[in-house]
Every structure is written in C-alpha cells, then in structure tokens.
Amino acid sequence: METEEIVHKLEAKGIKPTSNRILVMKTLVNEQNPLSLKDLEQKMVSMDKSSIFRTLTLFLEHDAVHAFEDGRGILNYEVCEEEGECDHHDGHIHFYCESCHRSFCMEDIHIPSFELPEGFYPHSVSFVIKGECPECRKRLR
Ligand SMILES: [Zn+2]
Ligand SMILES: [Zn+2]
C-alpha cells in the first residue's frame with residue numbers, strides 16, 4: 001500500500017497522520033499475518049518500543065486496528081478492514097501455530113455474534129485455534 005493510501009486510511013479513522021503513525025500502519029498493512037508488539041519492534045528498528053506501543057494504543061482507541069490474544073496470551077494487532085467507523089462485525093477466528101508462533105486470520109470463519117448481559121461492554125474478543133500451520137506440518141513430517 002502506498003503512503004498516500006495509508007494517510008487516507010488514518011484520516012478516515014480520525015487519526016492525524018504523523019510520520020511514526022504512517023510507518024506503524026504501513027508495517028501492519030504490508031504484513032500478511034497479525035503482529036505482536038515484539039514482532040513490530042523487530043521489524044521497525046528505527047522506532048523505540050514505547051513509541052510503537054503508544055501508536056498501537058491510539059490505533060486501538062480509534063478502531064484502526066483490532067487486537068486479540070494469541071496462543072501465548074500475547075496481544076496481536078491487525079488492521080481493521082473497514083473504512084471509517086467499525087461496528088466490530090468483521091470479527092473472525094484466528095489460528096495460532098504452536099511451532100512457528102505465527103497467527104493467521106481465518107477471515108472466512110466469523111465469530112458468531114452474541115448478546116452480552118446488560119452493562120457489559122467488550123473491548124476485544126479472542127477466538128483462537130491452536131495447532132500447526134501447513135508449512136510447519138510439512139516441515140515436521
Ligand atoms: Zn507454523
Ligand atoms: Zn485476523
């Protein structure tokens with residue numbers, strides 16, 4: 001994705017596109033799998049961990065990214081596909097590979113919508129299946 005598109009994406013979410021924010025979003029967008037803070041840190045050597053974390057927190061507040069816990073209980077971040085406001089109906093199942101520790105989006109398998117009792121407001125929903133990804137299965141057999 002081009003920088004111009006990233007800027008547009010951020011603005012559509014009500015986020016002022018600073019160079020750091022563009023960089024973090026670009027890294028997430030260009031990655032096929034969801035990333036943890038540590039993954040991002042390793043990919044973005046030019047930015048320190050606390051700046052990346054601050055940026056991610058801001059993204060979360062604006063629904064520009066979604067977060068879920070992977071098989072280790074570590075938060076993974078992925079880009080929200082919706083333009084502008086997100087109604088959280090795009091929730092899907094994730095698969096966590098216990099061999100290579102990557103998370104995969106199962107975009108076609110939706111998390112069923114559920115009604116919470118009154119007064120409860122969800123911030124994140126984690127639905128993770130653990131196992132082996134196709135690559136690891138091939139490698140380990
Ligand atoms: Zn794997
Ligand atoms: Zn996903």
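A disulfide is taken here as a pair of cysteine sulfur atoms within 2.5 Å, and a search of the whole structure finds 0 of them. This is a predicted model, in which local features need pLDDT of at least 70 and side-chain atom pairs count only at pLDDT 80 or more, while totals for chains, interfaces and linings use all residues. Residues are numbered from 1 along each chain as its sequence is written, and side-chain values use heavy atoms, with hydrogens and water left out.

**Nonpolar cores**

- A nonpolar core is a set of buried Ala, Val, Leu, Ile, Met, Phe, Trp, Tyr and Cys residues joined through side-chain atoms within 4.5 Å, where buried means under 20% relative accessible area with a 1.4 Å probe and protein chains only.
- The largest such core holds 20 residues, of which Met25, Leu28, Leu56 and Phe59 touch the most other members, and helix H2 (19-29) gives the largest share, 4 residues.
- Beyond its neighbours within four places in sequence, Met25 is in contact (heavy atoms within 4.5 Å) with Ile6, Leu10, Phe59, Ala64, Val65 and Val79.
- A second, separate core of 5 residues includes Phe95, Cys97, Phe104 and Cys133.

**Cysteines**

- Cys80 counts as buried because its relative accessibility is 0%, and Cys133 is also buried, with a relative accessible area of 2%.

**Sheet**

- Strands are DSSP runs (E, at least two residues) numbered from the N terminus, and two of them pair if DSSP finds at least two bridges between them.
- An open sheet of 3 strands runs in the order E5-E4-E6 with mixed pairing, and its edge strands, E5 (103-110) and E6 (128-131), each pair on one side only.
- Strand E4 (residues 92-97) pairs with E5 in the antiparallel sense over 5 bridges, and Ser103 in E5 is the bridge partner of Tyr96.

Technical notes: Chains lettered and ligands numbered in written order. Buried < 20%, exposed > 50% of the residue type's maximum accessible area, 1.4 Å probe, protein only.
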